[in-house]
Amino acid sequence: MKQSLFRKLTNQILAKQELSGEILDLGGEKKSGYHGFFKGDFKITVANLDPQPQPDLLIDLEKIPWLIADGRYDAILLINVLEHLYDFKKVLAEALRILKEKGEVIAVVPFLFYLHPSPRDYFRFTSLALEKLFIESGFKEIEIKEVGSGALSCVFNLLHRFFPEFLIGITGKICIFLDDVLKTLAVLLNRKYSGKEYPLGYFLRAKKL
């Protein structure tokens, strides 16, 4: 299966994250493989509305409240899920409720990305929107970073499905390199281009304090 540049860069970021204790993956799938990138001693429970990927908990995330006790989990994962939830504010409030004190949420969202209904695709979030959303939902110590950036990387990410699989890896690396060249040229030529205007998506980590 072809992996987008956004997915590959996401996995690189997840590989630097450490988890511990009981983790709830909201809207995830075990077959996606990203659970294996996290470091630490933890157990992941998958919650999903779709019975096909055989989740541990069969839950419609937008039917609030969930039948989960307060303060049940040490961390919650929202990996490419928020854009599929129309009532995402209610979902974040419920996620906060079932987190333990000092528990964390780890989220990934696409930005410059094609439509990918699962079963629906509603939103794209800027970093400013994510920060405000999580603050208003009661989270603290919010960390947000781009998952890839640059005009050429974004174009490649949008078109990667047209590339033969054997070319995807090297082409992605070339686009990242050329974006770095553009960033350097922009500084030398005094042009308004940092690459951050073209984020593939965002990674977020926040705490319940």
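Residues are numbered from 1 along each chain as its sequence is written, and side-chain values use heavy atoms, with hydrogens and water left out. Because the model is predicted, local features need pLDDT of at least 70 and side-chain atom pairs count only at pLDDT 80 or more, whereas totals for chains, interfaces and linings use all residues.

Helices (H or I, at least four residues) and strands (E, at least two) are DSSP runs, numbered from the N terminus. Seven strands form an open sheet with mixed pairing, in the order S3-S2-S1-S4-S5-S7-S6. Strands S3 and S6 (140-146) stand at the edges with a single partner strand each, so one side of each is left without a neighbour in the sheet. Two strands are taken to pair if DSSP finds at least two bridges between them. Strands S1 and S2 are parallel and share six bridges, with Ile23 opposite Ile44 in S2. Strand S2 is also joined to S3 (residues 57-58) by two bridges in the parallel sense, and Ala47 has Leu57 of S3 as its bridge partner. Five of the seven residues of S2 (residues 42-48) are buried (under 20% relative accessible area; exposed is over 50% and partly exposed in between, with a 1.4 Å probe and protein chains only), so S2 is largely enclosed by the rest of the structure. Six bridges connect S4 and S5, again in the parallel sense; Leu77 is paired with Ile106 in S5.

Helix H2 packs on the sheet, touching S1, S4 and S5, and its direction makes about 145° with that of S5. Axes are lines fitted to C-alpha atoms, for helices over the stretch in contact (heavy atoms within 4.5 Å), and angles run from 0 to 180 degrees between N-to-C directions. The buried residues of H2 (residues 88-98) include Phe88, Val91, Leu92 and Ile98; the buried residues of H2 pack against S1, S4, S5 and helix H3 (127-136). Helix H1 (residues 5-14) lies across S4, S5, S6 and S7 (201-207), at about 155° to S5.

Two cis peptide bonds were examined. One joins Ile64 and Pro65, with omega about 0°, and Pro65 lies in the loop between S3 and S4. In the other, from Ser118 to Pro119, omega is near 0°; Pro119 is found in the loop between S5 and H3.

Positive phi values also occur in non-glycine residues. Asn80, in the loop between S4 and H2, has phi of about 55° and counts as buried at 15% relative accessibility. Lys102, in strand S5, has phi near 70° and is exposed, with a relative accessible area of 68%.
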